[in-house]
Amino acid sequence: MKFIVSRFNPDSDSKPYMQTFEVEVRCGMMLRDALMEIKRQDESFAFRHSCGEGVCGSDGVNVNGTNRLACITPVAELKEPVEIRPFPGRPIIRELVVDMSQFYEQYKAVEPWLVRKDPMPEQEILQSPADRDKLDGLYECILCGCCSTACPSFWWNPEKFHGPQALLTAWRFLADSRDQATDRRLDELEEPYKLFRCHTIMNCVEVCPKGLNPTQAIGHIKHLMLKKAI
Amino acid sequence: MALARRRFDALIIGAGGAGLNAAIQLAKTDARVAVVSKVFPTRSHTVAAQGGVNAALANVMPDNWHWHMFDTVKGSDYLGDQDAIEYMCREAIPTVYELEHNGVPFSRLDNGKIYQRPFGGMTQNFGGAQAARTCAAADRTGHAILHTLYQQNLRARTHFFDEYFAIDLIRDDEGAILGALVLEIETGEPLLIEAKATVLATGGCGQAFRTTSNAHINTGDGMAMALRAGVPLMDMEFFQFHPTGIAGRGMLITEGVRGEGGYLINKDGERFMERYAPNAKDLASRDVVSRAIVTEVKEGRGCGPNGDHVYLKLDHLGEEIISKRLPGIRESGRIFAGVDAAREPLPVFPTAHYAMGGIPTDRYGRVLAPVGTGEEIVPGLYAAGECACVSVHGGNRLGGNSLLDILVFGRAAGLDLLQHMESHHRPMDEASVDKAMARLERWDRKGEGLSVAELREAFRRCMEDHAGVFRTEEIMTEGVERLRELREQLSEVRLQDHSKVFNTARIEALELENIMACGMAIAVSALNRQESRGTHSRPDYPKRDDVNWMKHSLYLLDGDQLDYKPVQTKPLSVETFPPKERVY
């Protein structure tokens with residue numbers, strides 16, 4: 001099977017170029033296996049990867065124009081020749097490795113931790129199964145970055161717009177019955193860019209390898225803001 | 001260019017559960033702490049833990065830490081140190097509450113308390129009825145815990161060095177550890193981090209085996225660094241094969257599947273665990289279940305066209321339980337086995353999973369090394385998590401005890417380090433720095449040679465063939481000889497890529513050296529232990545031998561030597577659990 005891969009080594013290249021590799025496909029092969037095979041053919045080919053089962057979030061790449069996690073993408077599903085590029089919109093460090101610092105900064109900016117003002121109980125803070133269910137579809141995010149780097153609003157304003165990942169996380173804490181910083185969290189988002197640059201293009205929903213829905217989470221935040229304003 | 005240098009009070013190498021829980025303790029104080037991780041912290045392999053973390057909260061049924069302690073001692077096949085096990089099982093309860101307070105989204109019971117599921121080897125009343133002790137966030141407990149710990153560290157403004165690879169520890173003539181030489185992966189530049197205390201929290205070494213549940217990054221870096229610093233590795237022959245990896249691929253299918261009521265069948269549809277463990281059946285301890293599966297396959301009762309696996313059946317649990325409690329494994333089954341677990345059984349076979357052995361420590365996380373006939377603390381060095389061996393798992397770890405281990409002992413190391421922090425930095429040992437730099441520069445050698453990938457494949461295959469579930473003298477002797485040959489070949493390996501920026505080929509070469517050192521420790525320790533205990537199963541010595549072998553192995557890099565030390569059978573406050581025949 002033919003793979004056309006984006007190459008760039010700042011030590012020797014002035015700009016990225018595409019290179020074709022032929023990889024023998026085995027039954028059940030994932031894209032990550034194919035990338036590892038390419039690395040066997042040419043060890044200077046670099047990409048991030050680790051768990052191989054879609055939980056560590058290291059190996060997000062752009063495949064035939066769509067952001068995906070390589071380790072859970074069966075090559076049998078892909079149209080040949082397979083074009084593999086780094087995530088769009090991020091500075092390329094080398095080959096498929098991009099600089100994700102802006103993405104992590106936006107994650108940190110939503111203060112992604114549980115805030116509790118009441119004194120802690122001796123045992124667990126109680127939470128009903130129904131309240132816990134509200135976190136399903138939110139806490140599973142693996143920070144792979146597929147969503148935010150597929151979002152045109154994030155491409156234009158990565159410093160100002162939180163992006164789908166960070167906003168999903170913001171809602172994960174707003175939705176948690178244990179969290180006691182709702183007002184502060186909402187106040188922080190009340191300005192033109194951080195939240196409101198989302199134009200419901202929904203690329204994020206389409207590409208999320210975990211099937212999460214950041215657009216819906218953003219809708220929930222806006223709804224809660226409105227409710228609070230009334 | 002002069003080597004860049006930074007000074008911190010403490011250096012933590014590894015940002016999984018152990019490293020992050022150590023860091024949190026320090027972040028609450030004025031101490032200056034650096035956390036170095038070769039991957040962004042939430043990529044650490046703690047993220048892949050599925051089933052849960054054990055604590056006798058008694059949310060579902062009566063329970064107490066003493067029963068948990070008994071199960072852990074028995075599960076260890078009486079090789080675990082009972083003082084450390086008592087400490088861990090007691091600490092489990094406040095540890096899980098603390099996690100919950102920090103935000104871990106545990107699944108819940110109707111009364112709002114943390115959901116606890118049955119897991120293998122867990123009983124009530126010292127070996128009685130099955131217990132439900134494993135606190136779970138669906139089947140993504142490790143992910144939920146790792147992300148929460150990272151978030152709390154962000155809140156505490158912990159100083160992270162993301163994507164820095166630790167090359168070697170720096171030590172002085174007295175054996176004190178002064179910090180580490182690390183490599184910034186993005187720039188390819190080395191950096192010397194000086195620290196009054198260093199914590200190794202680098203995780204396991206499952207990449208030593210060809211078929212493994214472990215991530216690409218689990219290359220035993222901390223274990224190998226300890227070996228090179230003259231510290232032994234303890235009980236390395238005890239390597240756990242998880243019974244239910246996806247057949248032919250190795251991805252983990254949590255024991256939680258069997259905890260929720262799933263069971264194993266052979267090609268005749270027989271629930272074969274009833275023959276091997278009449279009481280606990282599918283929830284017998286992992287070593288027992290893995291041996292049973294391999295035996296079924298060897299005796300011709302395996303499933304599939306090649307008869308090389310068994311089935312894990314869970315479709316009878318129904319859509320609702322599966323989507324609520326086991327959503328992640330349904331996803332994995334679909335992706336990697338092409339099977340919807342809610343309709344068909346999953347093909348499974350044992351997969352290399354967990355190192356019970358590691359860097360010897362006491363229950364404060366302090367690293368111990370043999371001196372004369374006894375042992376002493378290595379000044380300035382701590383270890384916690386899978387890279388360490390306290391030992392709480394002895395010959396076999398129980399499911400749900402590994403998240404517990406990393407949390408309890410990560411925390412203990414952080415706290416002890418704070419209490420005993422020296423007031424000043426010791427003088428740097430430049431000869432040791434040069435040695436660490438030489439390890440890095442060795443990979444600048446140019447020319448034709450073996451590739452990292454070739455040698456790595458030969459090594460991992462050798463480990464799988466010679467240090468697997470069943471081990472005989474003959475097969476292991478052959479294995480150790482072959483490993484020595486492969487080790488010789490390391491010097492013939494050459495990189496073709498000598499660039500600086502994000503050179504992953506160079507990282508993989510450094511990792512290969514590490515993982516091969518761990519593999520040798522496993523094989524040599526295994527060959528010497530002439531008994532069957534826990535996961536170490538010798539058809540030529542089928543019985544446990546408490547007279548001669550109730551002792552810990554210590555493997556030293558220098559000459560592949562072995563030493564031994566006694567098991568600590570005296571707990572802190574309760575009576576000893578004396579060794580008994582281990583049946584489930």
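Where in chain A is the place of Glu111(A)? Glu111(A) sits in the loop between α2 and α3 of chain A. Its phi is near 50°, a positive value in a residue other than glycine. Helices (H or I, at least four residues) and strands (E, at least two) are DSSP runs, numbered from the N terminus.

1. **Basis.** This is a predicted model: local features need pLDDT of at least 70, side-chain atom pairs count only at pLDDT 80 or more, and totals for chains, interfaces and linings use all residues. Residues are numbered from 1 along each chain as its sequence is written, chains are lettered from A and ligands numbered from 1 in the order in which they are written, and side-chain values use heavy atoms, with hydrogens and water left out.

2. **Cis peptides.** Check two bonds. Glu80(A) and Pro81(A) are joined by a cis peptide bond, with omega about -5°. Pro81(A) belongs to the loop between β4 (66-69) and β5 (82-85) of chain A. In chain B, a cis peptide bond links Val390(B) to Ser391(B), and omega is about 10°. Ser391(B) is in the loop between β18 (388-389) and α11 (401-419) of chain B.

3. **Chain A against chain B: extent.** The contact (heavy atoms within 4.5 Å) takes 62 residues from chain A and 59 residues from chain B. The two chains bury about 4,900 Å² between them, and carbon and sulfur atoms give 52% of it. Buried area here is the accessible area (1.4 Å probe) that two parts lose on being put together, summed over both. Glu43(A), Glu53(A) and Glu124(A) supply 14% of the area that chain A buries against chain B, more than any other three residues.

4. Eight salt bridges are counted between chain A and chain B. The rule asks for a side-chain nitrogen of Lys or Arg within 4 Å of a carboxyl oxygen of Asp or Glu. One of these salt bridges pairs Asp133(A) with Lys324(B), at 3.0 Å from N to O.

5. **The chain A side.** Which elements of chain A each supply at least two residues of the side that touches chain B? They are α1 (31-41), β6 (92-94), α2 (101-109), α3 (129-133) and α5 (163-174). α1(A) gives the most, with five residues. By class, this side of chain A divides into 33 nonpolar, eleven polar and 18 charged residues. Ala, Val, Leu, Ile, Met, Phe, Trp, Tyr, Cys and Pro count as nonpolar, Asp, Glu, Lys and Arg as charged, and the others, Gly among them, as polar.

6. **Domains of chain B.** The assignment gives domain 1 (1-238 + 356-555 + 577-584) and domain 2 (243-349). Such bounds come from an automatic or database domain assignment. The domain centres, taken over C-alpha atoms, are 27 Å apart. In contact are 30 residues of domain 1 of chain B and 30 residues of domain 2 of chain B. The area buried between these domains is about 2,300 Å², with 52% from carbon and sulfur atoms.

7. **Between the domains.** Three salt bridges are counted between domain 1 of chain B and domain 2 of chain B. Arg117(B) forms a salt bridge with Glu260(B), with the closest N and O atoms 2.9 Å apart. Strand β4 (residues 116-123) of chain B gives the most to the domain 1 side that touches domain 2, with five residues. That side of domain 1 divides into nine nonpolar, 15 polar and six charged residues.

8. **Links across the sequence.** The whole structure holds 74 salt bridges over all chains. Arg7(A) forms a salt bridge with Glu95(A), with the closest N and O atoms 2.6 Å apart. Arg7(A) lies in strand β1 (residues 2-7) of chain A and Glu95(A) in the loop between β6 and β7 (97-98) of chain A, so the pair ties together parts that are 88 residues apart in sequence.
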